[in-house]
Amino acid sequence: MQKFFSQFFRNSPSSAAVALGLGLIAPSMPASAETDCAWSTITNPVRQVITCGSGLTVEREANTAITLFERAGDAPPSVIEIQNGAILIEVEPGSIPTQIRTPHAIAAVRGTKYVVDARGDSTSVFVIEGRVSVTKPDAATEVTLEAGEGVDVFPDMPLETTQWPADKAKGLLARFGR
């Protein structure tokens with residue numbers, strides 16, 4: 001049976017003070033109680049790093065709520081859902097794939113590094129390394145992105161792969177200290 005849990009990372013005034021003063025924000029629920037993933041916090045900017053097994057690392061920016069749908073054992077989650085906010089995903093080549101789902105898009109890969117940014121009206125996917133396939137939830141169309149390419153997914157528009165301008169990519173990656 002597949003288990004799941006939600007983990008919220010809120011940057012309230014009190015947690016921001018703890019993050020700046022101690023350099024640490026603990027998850028609201030211990031990782032060992034619900035998941036086989038390890039949780040840590042890094043700063044500049046403040047974000048949480050979730051490491052699942054040896055194949056998946058997810059960086060989640062502050063105020064991003066996610067849900068992990070776990071597999072048995074120490075395999076990485078089968079699905080990570082994001083409603084609003086951004087995560088940077090690094091998948092080791094040859095590891096078990098994890099789908100990233102937002103209200104507007106589904107991204108799936110093996111062996112790559114990419115960013116998914118879900119907003120109220122759209123989702124952006126940008127590939128740093130490797131290849132990522134992106135579909136809409138209705139799976140009517142699919143595009144494959146390569147390094148330096150991105151797609152902005154809107155509910156009523158077709159998917160269009162583009163080479164992202166350096167300033168757009170740099171702005172998104174800066175949110176993850178890169």
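Colleague: Where is asparagine 44 found?
Modeller: A few conventions come before the answer. This is a predicted model, in which local features need pLDDT of at least 70 and side-chain atom pairs count only at pLDDT 80 or more, while totals for chains, interfaces and linings use all residues. Residues are numbered from 1 along each chain as its sequence is written, and side-chain values use heavy atoms, with hydrogens and water left out. Helices (H or I, at least four residues) and strands (E, at least two) are DSSP runs numbered from the N terminus, and asparagine 44 is found in the loop between E2 and E3.

Colleague: What is the phi of asparagine 44 near?
Modeller: Most residues other than glycine have a negative phi. Asparagine 44 is not a glycine, yet its phi is positive, near 65°.

Colleague: Is asparagine 44 buried or exposed?
Modeller: Residues are sorted by relative accessible area, with a 1.4 Å probe and protein chains only: under 20% is buried, over 50% is exposed, and in between is partly exposed. Asparagine 44 has a relative accessible area of 68%, so asparagine 44 is exposed.

Colleague: What is the omega of the peptide bond from asparagine 44 to proline 45 near?
Modeller: Most peptide bonds are trans. Proline 45 has its place in the loop between E2 and strand E3 (47-52). The bond from asparagine 44 to proline 45 is cis, with omega near -5°.

Colleague: Where is the place of asparagine 63, a residue with a positive phi?
Modeller: Asparagine 63 has a phi of about 70° although it is not a glycine. At 43% relative accessibility, asparagine 63 counts as partly exposed. Its place is in the loop between strand E4 (56-61) and E5.

Colleague: In E15, which residue is the bridge partner of glycine 150?
Modeller: Strand E14 (residues 149-153) and E15 run antiparallel and are joined by two bridges. In E15, glycine 150 has as its bridge partner threonine 162.

Colleague: And in E8, which residue is the bridge partner of valine 79?
Modeller: Strand E6 (residues 79-82) runs antiparallel to strand E5 (residues 66-69), and four bridges join them. With strand E8 (residues 99-101), E6 pairs in the parallel sense over three bridges. In E8, the partner of valine 79 is glutamine 99.

Colleague: Why are the buried residues of helix H3 on the same side?
Modeller: In H3 (residues 166-174), the buried residues are Ala169, Leu172 and Leu173. Taking the directions from the helix axis to the C-beta atoms, they lie on the same side of H3 because they cover an arc of only 95°.

Colleague: Which exposed residues does the face of H3 turned away from its buried side carry?
Modeller: On the buried side, what covers the buried residues includes strand E7 (85-91), strand E10 (112-118) and strand E11 (123-129). The face turned away from that side carries the exposed residues Asp167 and Lys170.

Colleague: Which residue lies over the face of tryptophan 164?
Modeller: Tryptophan 164 counts as buried, at 7% relative accessibility. A charge sits over a ring if NZ of Lys or CZ of Arg is within 6 Å of the ring centre and within 35 degrees of the ring normal. At 4.3 Å from the ring centre of tryptophan 164 lies lysine 168.

Definitions and conventions: Contact means heavy atoms within 4.5 Å. Two strands pair if DSSP finds at least two bridges between them.
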